[in-house]
Amino acid sequence: LQFLTTVTLIVGLQKLGKAITQSSWVTRIAILINFFLLFNKGLGDVELYSDAVQGSSISVALIAFALYYFFTNKFIRASVLMSIASIIHPVEGLTVFMVMTATLFYFAFINQATSKKIFFQYVLIYAFTAGIFITALLFQKFDGTAIPNHELFFRIYHEFRHAHHYVFFYFPLIDKILFVFFISVLLLGSFGANSKLFVFTVISLFGTLIYIFFTDLMHLPLIADLQFYKVSQWIKLFAILILVKALLKTRLGNVLASMKHSIAVLIIPAMLIVSVVLIIIKPNFIDRPGIYHQYGSNWKTKNDMVDISIKISKQINKDAVFIQPFDCTELKYFGRVSSWVDWKAFVKDQSKIEEWYRRIQLVYGININDREKGFQLSAKANEHFDNLTAKEIEECKQAGVTHILISKKYSPVEGKLILQNNTYAVYQL
């Protein structure tokens, strides 16, 4: 499925890029730049490609085709694909659909270059498919279950836990600068040359500014949940397309264009040679930490957290309840035991968010008033966890915690050592 999703995405991006630049050569270069030189350089930590198949990956692949149909004036096909994409992943689909709809509204009612009938057909197709689905999700979300006040919920969920996705203020400076650069390139490059892309860019910019206002300043969870920065990944791609097209019109571009057939013939053998040389020089260069491969029943890994987690799954009762180091997903996937609180596996029931937050404070000693946010809190959280007091451990124990997974450098003030490897140890309370 990952292979099919990736191929679908690349084909969709190729068709979309060619529709905008009228050049396959430009599009291929732009896609390579997007995925290699500027990968993960966008607002909200969003990117078109993911190395793990998930709903957003499939949705993005469909959106690529939808945008292709949109920019080639096949609006009904675009609406159908956007409906499917939004059902698979509502946030990915809805954010882009909002920009597309506002763009089409401009051309139907202001510029009048598009039929109003087409506009209504386009909207109604989406409204009676994805629209109904998303509305049902909203009703389910607000089913009367008590949730914390909006300000507290925003500060815990959007700012404390997911600032890297939602809060512009905490984004890396380079990502903000690049976004401004991409927007500027698009506004200058599309003005007078591609009116639809220009309007799409203007609406994306204003939408982003409005989203920042209601998220960073007003702290409105319902607006923040839209994660409007999903649009920025498309803005980046369009800007790269415009830049590459402009570059290839220069003298350097003419030289590269004259060599494109030679480059195409040589690039695959060159990649193979580089790979062979790397394997000879450094045989384990593909064994990156944190990347796990399974061949039958044998795990190929040098990660001690995976190793101890597998031992836990084999030697410890499934009814055990653990506390573990900050951002430790290996225990969940390989240990197959419960955690009393887990930073990465955020609570799904919004009414329980305050209890999750209380446990996080107890086990990791971090809170919403810390200057750092999200995964930047890792060092502070682990320092607290490695030095839990007797009172804190007793409170966890009374709440049902039965085991502690901890670095061997530290020993909890109570507990019996029952399992260990080179780096980690398990203590039973």
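Predicted model: local features only at pLDDT ≥ 70, side-chain atom pairs only at ≥ 80, totals over all residues.
Residues are numbered from 1 along each chain as its sequence is written, and side-chain values use heavy atoms, with hydrogens and water left out.

**Exercise 1. Find which residues have the most contacts inside the largest nonpolar core.**

Step 1: Start with the terms. A nonpolar core is a set of buried Ala, Val, Leu, Ile, Met, Phe, Trp, Tyr and Cys residues joined through side-chain atoms within 4.5 Å. Buried means under 20% relative accessible area, exposed over 50%, and partly exposed in between (1.4 Å probe, protein chains only).

Step 2: The largest such core has 99 residues, and Leu67, Trp234 and Phe238 have the most contacts inside it. Helix α3 (residues 55-71) gives the largest share of this core, twelve residues. Helices (H or I, at least four residues) and strands (E, at least two) are DSSP runs, numbered from the N terminus.

Step 3: Now look around Phe238. Leaving aside neighbours within four places in sequence, its contacts (heavy atoms within 4.5 Å) include Leu16, Ile20, Leu67 and Phe200.

Step 4: A second, separate core has 13 residues, among them Ile316, Ala320, Cys328 and Tyr424. Cys328 counts as buried, at 4% relative accessibility.

**Exercise 2. Describe how the ring of tyrosine 157 pairs with phenylalanine 153 and with phenylalanine 346.**

Step 1: Rings of Phe, Tyr and Trp (its six-membered ring) pair if their centres lie within 6.5 Å; planes under 30 degrees apart count as stacked, over 60 as edge-to-face and the rest as tilted. By this rule there are 35 aromatic pairs.

Step 2: Phe153 and Tyr157 have ring centres 5.5 Å apart and planes at 10°, so they are stacked. They are four residues apart in helix α7 (residues 150-161), about one helical turn.

Step 3: Tyr157 and Phe346 have centres 5.0 Å apart and planes at 65°, so this pair is edge-to-face. Phe346 lies in the loop between β4 (338-339) and α17 (353-364), so the pair ties together parts 189 residues apart in sequence. Both Tyr157 and Phe346 are buried.

**Exercise 3. Find which ring faces lysine 176 lies over.**

Step 1: A charge sits over a ring if NZ of Lys or CZ of Arg is within 6 Å of the ring centre and within 35 degrees of the ring normal.

Step 2: Lys176 lies over the face of Phe168, 5.0 Å from the ring centre. The charged end of Lys176 also sits over the ring of Phe169, at 5.9 Å from its centre.
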